Amino acid sequence: MDNNDVCCSTQLIDGDGNFNILGIDQFLKEVKLAECGLSYAVVSIMGPQSSGKSTLLNHLFGTNFREMDAFKGRSQTTKGIWMAKCVGIEPCTLVMDLEGTDGRERGEDDTTFEKQSALFALAVSDIVLINMWCHDIGREQAANKPLLKTVFQVMMRLFSPRKTTLMFVIRDKTKTPLENLEPILRQDIQKIWDSVPKPEAHKETPLSEFFNVEVVALSSYEEKEEQFREQVANLRQRFFHSIAPGGLAGDRRGVVPASGFSFSAQQIWKVIKENRDLDLPAHKVMVATVRCEEIANERFSSFIENKEWCELEDAAQAGPVPTFGSKVSCIIDSCLSEYDAEAIYFDEGVRSSKRKNLSEKLLQCVQPAFQSILGHLRSGTFEKFKEAFDKALNGGEGFSIAARKCSDAYMTLFEQGCAASIIRQANWDTSKAKDKLFREIEAHIASVRAAKLSELTARYEAKLNEALLGPVDALLDSANDDTWPAIRKLLRRETQSAVSGLSKDLTGFNMDEESRDKMLAKLEDYARGVVESKAKEEAGRVLIRMKDRFNTLFSHDSDSMPRVWTGKEDIKGITKVARSASLKLLSVMAAVRLDDDADDIEDTLALALVDSTSSNADRSITVSDPLASTTWEKVPSTKTLLTPVQCKSLWRQFKAETEYAVSQAIAAQEANKRNNNWMPPPWAIVAILILGFNEFMTLLRNPLYFAFLFVAFLISKALWVQLDIANEFRHGALPGLMSLSMKFVPTIMSLLKRLAEEGQIPAAGDSHREHPPVAAKSYHGGAEADGSFSSTASSQVTAAENGTEYSSSSKYD
């Protein structure tokens with residue numbers, strides 16, 4: 001036993017299979033394993049001879065196992081099984097270095113110890129490291145796979161299985177990513193497990209019940225030492241607290257206490273030594289296996305380097321290759337023929353198995369290029385189909401006929417391309433690629449059909465919009481008893497026209513009756529929706545339309561001329577007519593009436609909003625308000641545009657906003673009456689006639705009085721016209737008096753001056769005949785002024801009696 005300050009180790013089993021009882025007991029005392037209880041772990045390593053197992057353990061666990069001296073040649077370094085304690089790892093971890101397998105020192109036939117030591121390691125250890133070369137992955141004899149197969153079977157028969165971690169350590173890792181190598185190893189282990197005959201108790205037990213498979217990769221120790229050391233340091237961290245839940249040795253079922261480890265190991269080795277079923281395969285089969293594997297690898301390498309194959313592979317990535325199938329088949333035939341010629345003298349079973357593996361590897365290598373060829377064929381055929389299909393549609397060919405003709409033609413073209421690319425040695429099915437192309441073609445046809453149908457539908461919907469929106473707007477604006485019948489007639493006419501046109505255009509699509517009827521029904525529903533949406537839009541502006549209609553009827557006469565409120569108009573009647581017309585508009589806009597169903601909305605509104613004004617006093621308190629509801633009788637809620645409550649609110653707002661126009665009209669009429677009514681009341685006229693009878697008789701007896709009064713009347717009339725008294729008093733009594741007081745004296749002075757000027761002109765008749773222009777001028781400014789005043793006053797009084805508004809023509813105004 002070697003011993004130093006940092007590590008202690010011992011040979012557990014020598015090369016002859018003898019168990020070192022004294023050595024193991026002394027070793028366990030030195031490491032004080034008995035004090036650990038269950039807190040310890042056992043790690044072992046197995047693998048080919050001279051594969052660097054001892055070197056890995058020394059770097060990984062700080063042990064001092066003997067390493068091979070590369071300068072002295074490759075030979076056996078470790079004999080038997082050695083054990084050491086890992087340095088600096090908690091909990092206490094023991095590591096076993098197993099003798100390498102496939103060593104020339106033991107020979108080809110003496111492999112019993114290899115199996116026994118491997119079986120012992122699996123039975124004793126929590127973690128088993130399987131050391132293997134990266135380039136051995138995929139080989140049947142690499143990584144001790146045949147050995148593991150036998151070990152699995154015997155282990156289940158000899159011992160109570162415990163869950164062991166198998167960590168495959170891939171040495172001298174190449175550029176191939178670990179994620180590509182790991183699945184291969186896991187599949188190989190699973191295949192070994194599935195092929196092993198199992199006892200009845202474990203017939204259906206999965207591999208995961210007995211083993212945790214881990215895979216790690218390390219760089220070359222000789223070529224990349226620094227990287228190797230760094231990777232080993234990272235791997236070392238995984239062995240800390242390995243027995244904790246989730247650790248590498250987390251499964252502790254059936255763990256032997258530390259104090260009984262030595263006895264347990266002795267008994268296990270004894271059982272293994274006494275078992276005689278662990279014989280290695282025959283020498284002949286082993287040689288055939290190794291040699292046929294080498295020949296197959298050589299032939300595969302020659303295929304990979306074949307110039308013609310490389311050219312075909314590059315061409316397959318760029319596009320379709322018409323002769324791909326025949327050329328590749330010839331190359332594979334040549335490769336397999338060369339294998340058969342070299343391996344003809346080896347065991348037939350091994351030779352056939354390796355030939356099958358070689359064929360599978362060759363086809364696996366060829367398959368990506370074959371799939372690429374299929375991909376190019378599919379994409380190229382699909383593009384050609386789209387071009388031909390679009391050309392056929394643009395040429396006026398029916399949609400269904402064009403789709404069927406182009407689909408059949410290019411599916412046939414694709415099948416011909418697939419037949420030219422098939423590899424004779426492979427039984428590859430191209431139906432998936434064919435199905436994918438068919439689905440792509442069908443999807444393209446469906447998308448084009450959907451686009452065409454959508455285009456047709458959109459065109460007819462646009463026609464319906466154009467044909468319905470304007471007329472419906474105009475009909476709703478007129479709002480009378482014929483509005484909704486006219487809208488229904490318009491809707492039926494335009495819908496029938498659109499449905500007929502769409503039905504004719506759908507003939508070329510070869511649609512089933514159900515889909516066709518569904519599209520036509522959808523178009524009919526769209527037309528109905530256009531009208532309903534327009535009605536809803538106009539219902540939102542019903543108050544504005546009601547006010548516009550009221551103002552039109554109230555402010556204009558039957559000839560559409562603006563009304564002048566002279567006092568003779570029946571404002572109450574006009575208001576009632578205008579409001580009735582607005583109420584008619586409200587009743588028309590209250591619901592959608594695209595069906596012939598009758599309703600009593602108009603009567604309800606008239607009763608509640610118009611008639612209720614005159615009968616409110618007589619109505620009983622118990623009578624309910626017909627508009628106190630959110631629905632109309634005989635009208636579904638889906639067809640209601642304005643609920644009764646909304647109508648009542650709109651009518652209240654409408655009356656409030658039109659009341660001002662009515663009051664203004666009444667005020668204008670009253671003002672006009674006041675301005676035109678200068679005659680005294682009839683009773684005053686009668687009183688004047690009775691009380692002034694004596695004075696009137698006096699005037700008749702004395703004509704001088706009468707002449708004086710007549711002159712006074714003319715002067716008063718002239719002053720009335722010149723002062724424009726009626727116009728002055730329109731703004732009020734006080735402003736009128738003030739204005740008249742300022743104008744009275746100048747007006748009197750002007751009249752006296754004119755009279756004086758007229759009195760100085762000769763009254764000869766000849767002068768009038770000789771100077772007619774002067775006479776005309778004097779008519780305006782001289783002696784006949786009184787006549788002018790009288791004439792003007794008389795004409796304006798007559799106008800006032802006819803009820804026409806007037807304004808003063810005085811130059812003093």
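Some ground rules come first. Because the model is predicted, local features need pLDDT of at least 70 and side-chain atom pairs count only at pLDDT 80 or more, while totals for chains, interfaces and linings use all residues. Residues are numbered from 1 along each chain as its sequence is written, and side-chain values use heavy atoms, with hydrogens and water left out.

On the aromatic side, the structure holds 13 pairs; rings of Phe, Tyr and Trp (its six-membered ring) pair if their centres lie within 6.5 Å, and planes under 30 degrees apart are called stacked, over 60 edge-to-face and the rest tilted. One of these pairs is F385 with Y410, an edge-to-face case at 6.5 Å centre to centre and 75° between the planes. F385 belongs to helix 11 (residues 348-394) and Y410 to helix 12 (residues 399-421), so the pair ties together parts that are 25 residues apart in sequence. Helices here are DSSP runs of H or I with at least four residues, strands are runs of E with at least two, and both are numbered from the N terminus. F385 and Y410 are both buried, where buried means under 20% relative accessible area, exposed over 50% and partly exposed in between (1.4 Å probe, protein chains only). Together with F389 and F399, the two residues F385 and Y410 form one aromatic cluster.

Helix 12 also holds S407, which counts as buried at 6% relative accessibility. Leaving out residues up to four places away in sequence, S407 touches F385, I441 and E442, contact being heavy atoms within 4.5 Å. S407 and I445 sit 38 residues apart in sequence, with their C-alpha atoms 9.2 Å apart in space.

Now for W651 and F654: their ring centres are 5.0 Å apart and the planes are at 40°, so this pair is tilted. Both residues lie in helix 19 (residues 644-676), three residues apart, which puts about one helical turn between W651 and F654. W651 is buried at 5% relative accessibility, and F654 is buried too, at 0%.

K361 lies over the face of F300, 4.6 Å from the ring centre. The charged end of K463 sits over the ring of Y460, at 4.9 Å from its centre.

The peptide bond from E90 to P91 is cis, with omega near 0°, and P91 lies in the loop between strand 3 (81-85) and strand 4 (92-98). S560, which is not a glycine, has a positive phi near 65°; it is in the loop between helix 16 (542-555) and helix 17 (571-589) and is exposed at 55% relative accessibility. K634, another non-glycine residue, has a positive phi near 70°. K634 is placed in the loop between helix 18 (601-615) and helix 19, and counts as exposed at 64% relative accessibility.

Finally, helix 20 (residues 682-691) contains L689, an exposed residue at 61% relative accessibility.

How values were computed. A charge sits over a ring if NZ of Lys or CZ of Arg is within 6 Å of the ring centre and within 35 degrees of the ring normal.
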